[in-house]
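I opened this notebook to keep track of what I looked up in one structure, entry by entry. The sequence and the model come first, and my notes come after.

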Amino acid sequence: MEFLQNIALGSSVVFTFKGISAIIAGVVAGTIGGAIPGINATMTMAILLPFTWGMDPTVAILMYVGIYCGGQYGGSIPSVLIGTPGTPSSAATVMDGYPLHLQGKTGLALGMSLYASVFGGIVSSVALMIFAIPLAKVALAFGPPEYFALSLLGLTLVASLSTDVFKGLIAAALGLLLATIGLDPFAGIVRFGFGSENLIEGFEIIPFYMGIFALSQVLYIIFKKIKRAVVEYRITSKYPSNLDFIRCLPSMLIGSVIGMFVGAMPGAGASIACWLGYNEAKRWSRHPEEFGKGSLEGVAAPEATNNAVTGGAMVPLLSLGIPGSGSTAIMLGVLIIHGLRPGPMLFVTNPEIPYSIFVSLFVSNIFMIFVALLLIKLLIKVVNIPETIMNACILAIIFVGAYSVNNSMFDIFTVLLFGILGLVMKIYDYPITATALGFVLGYLVETNFRRSLTLSKGDWSIFLTNPISMVIITLSVLSVAYAVYCNHFRKKRGAAE
């Protein structure tokens, strides 16, 4: 009964003019962002952060749920039409989506990518409710040692799943270091302030995210002189029939299950999940020989996986307050900006937030159908704006947006600083997501670490004598050790070849 009452509470927030408008705006913005190669849902979220400043927190988070869902789907559009993934997670869709387009079956490919995305998103919405609520109830019993261990596990998983585990660890440590700048939460003294009044509270989340996610990507596109192909939209075949949908249903189910579980793992990300979904769908298909040559199942599986990641990624965010990806880290930032912190207490103090997210995930996926079918031609015109004009517009939005929050030139300098830092990290292949997670989790890591030591009167064994924290810390160590072993094995095999 309590669950139904809370769902009704979430529905009362979503089904208002502001709530529906925010979700539609988010789905449209996310679809455009995802459809532009080089730009993704995370960057779109970072660009729009200043616009949430004056919003009600529930409306802001509803818009970001829409961006997240739309961005995951939008990447499939250029994957099918020009053979270039709009987002890294859409790379697997190219394998069969583009061949279908070349065979004159564009409508089949685009339609199946849409239906599979909606299917995966809705299945993951159900999974989010099934897993997040019980996990949050368990987490209510957690103390400082357990929270410190959980934050540590989130960071080590993100670092260990990077291409190079040492670069991942360095990037995460850099984020933690940046989080220590400003007022010491226990001693009340300013750390690394260098006499600047602007650094008393440390770096703010909005300019930090806009710099490291949005500006760095624009600078990277300019630095690498990345040119986009023009996306042409011509429906040269009918959309999938009911029989096509039924034939692809097993692939969508496989992709949805994989997307949910991989999405819930911090750092794993949609890219890994989509390739896993594609490979498993091929393994269990009755026609594996068609994969790579224009198989509808080869489109359905990765796209269902892609959007199933959204619900999975929100499980640790809502129930534990631990984001597992760049997109959910920005969603965490949106809540922090409005004075809220995700975690089990959010279900008690502000139940309208998590339950409105549950409902909005369903609604966002339904709206994706209308946006894709009704506005696709208009969206592709936006996507085809020349990159010079597009980059100039994005830069203007970034700097005007960053300045408008506090009317402060310091925020402009912060955006520039972290934009350049992000560019350097991208060039040398350091994962910026690990730095962003280190920054946003830094306060949680430090405060829970120091509270634990205060409780134990300085005895570090508190982290190992507590059974839950001991298990989680052991998992952290094992994840790093396994990643180091894999790195060593890959280098050894590369040298042998």
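**Ground rules.** I am working with a predicted model, in which local features need pLDDT of at least 70 and side-chain atom pairs count only at pLDDT 80 or more, while totals for chains, interfaces and linings use all residues. I number residues from 1 along each chain as its sequence is written, and side-chain values use heavy atoms, with hydrogens and water left out.

**Salt bridges.** How many salt bridges does a search of the whole structure find? I noted 6, counting a salt bridge where a side-chain nitrogen of Lys or Arg is within 4 Å of a carboxyl oxygen of Asp or Glu.

I looked at R191 next, whose side chain meets that of D184 in a salt bridge, with 3.6 Å from N to O. For burial I used relative accessible area, where buried means under 20%, exposed over 50% and partly exposed in between, with a 1.4 Å probe and protein chains only. R191 counts as buried at 17%, and D184 is buried as well, at 8%.

R191 also forms a salt bridge with E446, and here the closest N and O atoms are 2.6 Å apart. This pair links distant parts of the chain, since R191 is in strand β2 (residues 190–191) and E446 is in helix α19 (residues 432–455), 255 residues apart. I took helices (H or I, at least four residues) and strands (E, at least two) as DSSP runs, numbered from the N terminus. E446 counts as buried, at 15% relative accessibility.

For another setting I turned to R283, which forms a salt bridge with E280 at 3.0 Å between the closest N and O atoms. These two residues are 3 apart in helix α12 (residues 269–284), and so they are separated by about one helical turn. R283 is exposed, with a relative accessible area of 58%.

At least two lining residues each come from α9 (165–179), β1 (182–183), α10 (205–224), α14 (326–337) and α19, and α19 gives the largest share, 4 residues.

I also sorted the lining by type, which gave 15 nonpolar, 3 polar and 6 charged residues. In this sorting Ala, Val, Leu, Ile, Met, Phe, Trp, Tyr, Cys and Pro count as nonpolar, Asp, Glu, Lys and Arg as charged, and the others, Gly among them, as polar.

**A surface patch.** I found I366, F370, L373, L374, L375 and L378 forming a nonpolar patch on the surface, with about 570 Å² of accessible area together. Such a patch joins nonpolar side chains (Val, Leu, Ile, Met, Phe, Trp, Tyr) within 5 Å, from residues with over 30% relative accessible area and no salt bridge; the areas come from the Shrake-Rupley method with a 1.4 Å probe. One of its members, L374, is found in helix α16 (residues 352–383) and counts as exposed at 65% relative accessibility.

**Backbone angles.** F192 has a positive phi of about 50° although it is not a glycine, and I located F192 in the loop between β2 and α10. D429, also not a glycine, has a positive phi of about 65° and lies in the loop between α18 (409–427) and α19. I recorded F192 as partly exposed at 45%, and D429 as partly exposed at 45%.

**Pairs across the chain.** S76, in helix α5 (residues 76–81), is buried at 0% relative accessibility. S76 and A91 are 15 residues apart in sequence, and I noted 8.3 Å between their C-alpha atoms. I32 sits in helix α2 (residues 17–35) and is buried, at 17%; the C-alpha atoms of I32 and I77, 45 residues apart along the chain, are separated by 9.8 Å.

Note on methods
Patch = residues over 30% accessible without salt bridge, like charges linked within 9 Å, V, L, I, M, F, W, Y side chains within 5 Å.
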